[in-house]
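Please open the structure in your viewer and keep the selection tool at hand. The tour below goes from stop to stop, saying what to select and what is there.

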Amino acid sequence: MTVIPSPTPPPGPFSSCAPEDVRRVACVGAGVIGGGWAAHFLARGYDVTAWDPAPDAAVRLHRLIAAAWPALERLGLADGASQDRLTVTATLEEAVTEAQFVQESAPEKLDLKRGLLARLDAAAPAGTVIASSTSGYPMTDMQTQAADPGRLVVGHPFNPPYLIPLVEVVGGERTDPAAVEWASRFYEVAGKSVITMDREVPGFIANRLQEALWREALHMVTNGEATVAEIDASITEGPGLRWAVMGPMLTFALAGGEGGMAHMLDHFGPSLKSPWTRLEAPELDRALYEAVVAGCDEAADGRSIADLVAERDRGVIDILRATGRLPRTAEEATR
Ligand SMILES: NC(=O)C1=CN([C@@H]2O[C@H](COP(=O)(O)OP(=O)(O)OC[C@H]3O[C@@H](n4cnc5c(N)ncnc54)[C@H](O)[C@@H]3O)[C@@H](O)[C@H]2O)C=CC1
Ligand SMILES: C[N+](C)(C)CC(=O)CC(=O)[O-]
C-alpha cells in the first residue's frame with residue numbers, strides 16, 4: 001500500500017481523457033455520500049450529473065448541497081464553481097452517457113451494487129472509470145456481472161466527502177491496474193488525499209481501524225461500562241485531538257519519550273496481551289440499539305442533524321486550517 005505523494009506523474013492513457021481533463025462527473029445514488037460527492041465536485045468546478053431513483057432525491061440533493069455550500073465557500077471555490085452546474089437526470093443512462101468519471105454511491109447491498117455496476121458499465125462511455133463508494137465490499141465481489149470489469153474500482157470516501165480529504169482506492173481481481181492508477185490521479189486532481197491499495201484488505205485501512213473502535217464502544221455500552229457521552233468525550237477530549245495532527249503510530253512513538261517507538265514497545269508491549277479488548281462484535285440487540293440512539297439524542301442536546309452538520313463542517317475546516325492542511329484564510333488560498 002502506498003500513499004501517493006503529490007504531485008504524481010500522470011498515468012498512461014486509460015480513459016478517453018486524462019484525469020486532468022475531466023470536466024463532467026456523474027454521481028449515481030445521491031444520499032449522504034453521493035450528495036456529498038456532488039457538492040465536492042461542484043465546488044471543484046466540475047459539471048455534475050446525478051441520478052437517484054428516490055422520488056424526492058432531487059429535492060434532498062439540492063438541500064444537501066445548499067447546506068454544504070457555506071463550508072465549501074469557506075474552503076474556497078474553484079473558478080466557475082456553481083451549484084447551477086448540477087443536472088439531476090430522470091434516468092441512469094442520461095446521467096452517465098457523457099460522463100468522464102462515474103462515482104456510484106448506492107445503498108450498501110451486494111446484489112444491488114453488482115447489478116448497478118453492470119448497468120453503469122453498459123451505459124457509460126467506453127473506458128470511463130467507474131468508482132464505488134462502498135464502505136467494505138471488495139471490488140472482486142461487486143464486479144461479477146459487468147461486461148468490462150476492468151474499469152471498476154473502489155473509491156471509498158469519508159463523510160462528508162466535500163470536507164474529509166481521504167479516499168481509499170483499490171481494484172478487484174478483474175480490475176485493470178491502469179484504471180486504479182487513473183482513478184487515484186483523478187481524485188488527486190480533484191483535491192482529495194489518496195491512499196492507493198495494492199490488495200483488497202477487508203474494510204480497507206481506515207474502516208478496519210474504525211470498526212475496532214466501534215466494536216469496543218458498543219461492548220462498553222451494552223455492558224454498562226461507559227455511556228455514549230463518555231465514549232464520545234474519551235475521543236474528542238483525548239486521542240482524537242492528537243489523531244488530527246498525527247496518526248496512531250507516530251502518536252504512540254511519542255509515548256516512548258526520547259526512546260521513541262522502540263522504548264514505547266519495550267515499555268508497553270506486554271499490555272498488548274492485557275484483556276482490554278473484546279474483539280468479537282457484540283450482538284446488536286434492541287436494548288443496545290436503543291441505548292445508542294437515546295445516548296446520541298441526549299448528546300445532541302436539542303441540536304438538529306442540520307445543526308450538527310454545520311457544527312461538524314465548521315470544526316473540520318478549523319482543524320484542517322490549524323494543522324496546515326489548508327491555507328488559513330481565503331486570500332492565502334489564492335496566492
Ligand atoms: N454514510 C457514510 O458515512 C458512508 C457511506 N459510504 C458508502 O456510500 C454508499 C452510499 O451510502 P449512503 O450515502 O450513506 O446511503 P444513503 O442511504 O444516504 O443514500 C443511498 C442513496 O441511494 C439511492 N438508491 C437506492 N437504490 C438505488 C439504485 N438502485 N441506484 C442508485 N441509487 C439508489 C437511495 O435513494 C439513496 O438516496 C454505500 O455504499 C456506503 O457504504 C461510504 C463512506 C461513508
Ligand atoms: C459508517 N461507515 C462504515 C459507513 C463509515 C465509512 O465508511 C467511512 C466514514 O465516513 O467514516
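In what follows, contact means that heavy atoms lie within 4.5 Å. This is a predicted model, in which local features need pLDDT of at least 70 and side-chain atom pairs count only at pLDDT 80 or more, while totals for chains, interfaces and linings use all residues. Residues are numbered from 1 along each chain as its sequence is written, chains are lettered from A and ligands numbered from 1 in the order in which they are written, and side-chain values use heavy atoms, with hydrogens and water left out.

Select Gly31 to begin, which sits in the loop between E2 and H1 (helices, H or I of at least four residues, and strands, E of at least two, are DSSP runs numbered from the N terminus). Leaving aside residues up to four places away in sequence, Gly31 touches Gly36, Asp52, Arg60 and Leu64. Gly31 is partly exposed, at 21% relative accessibility, where buried means under 20% relative accessible area, exposed over 50% and partly exposed in between, with a 1.4 Å probe and protein chains only.

Gly29 is buried, because its relative accessibility is 7%, and beyond residues up to four places away in sequence it touches Gly34, Trp51, Asp52, Ser105 and Ala106.

Finally, select residues 203-272, which the unreviewed UniProt entry annotates as "domain: 3-hydroxyacyl-CoA dehydrogenase C-terminal". Over this stretch the chain is 66% helix and 0% strand, with the end C-alpha atoms 22 Å apart.

Key:
UniProt positions are given in the numbering used here, feature names are shortened, and annotations may be inferred rather than shown by experiment.
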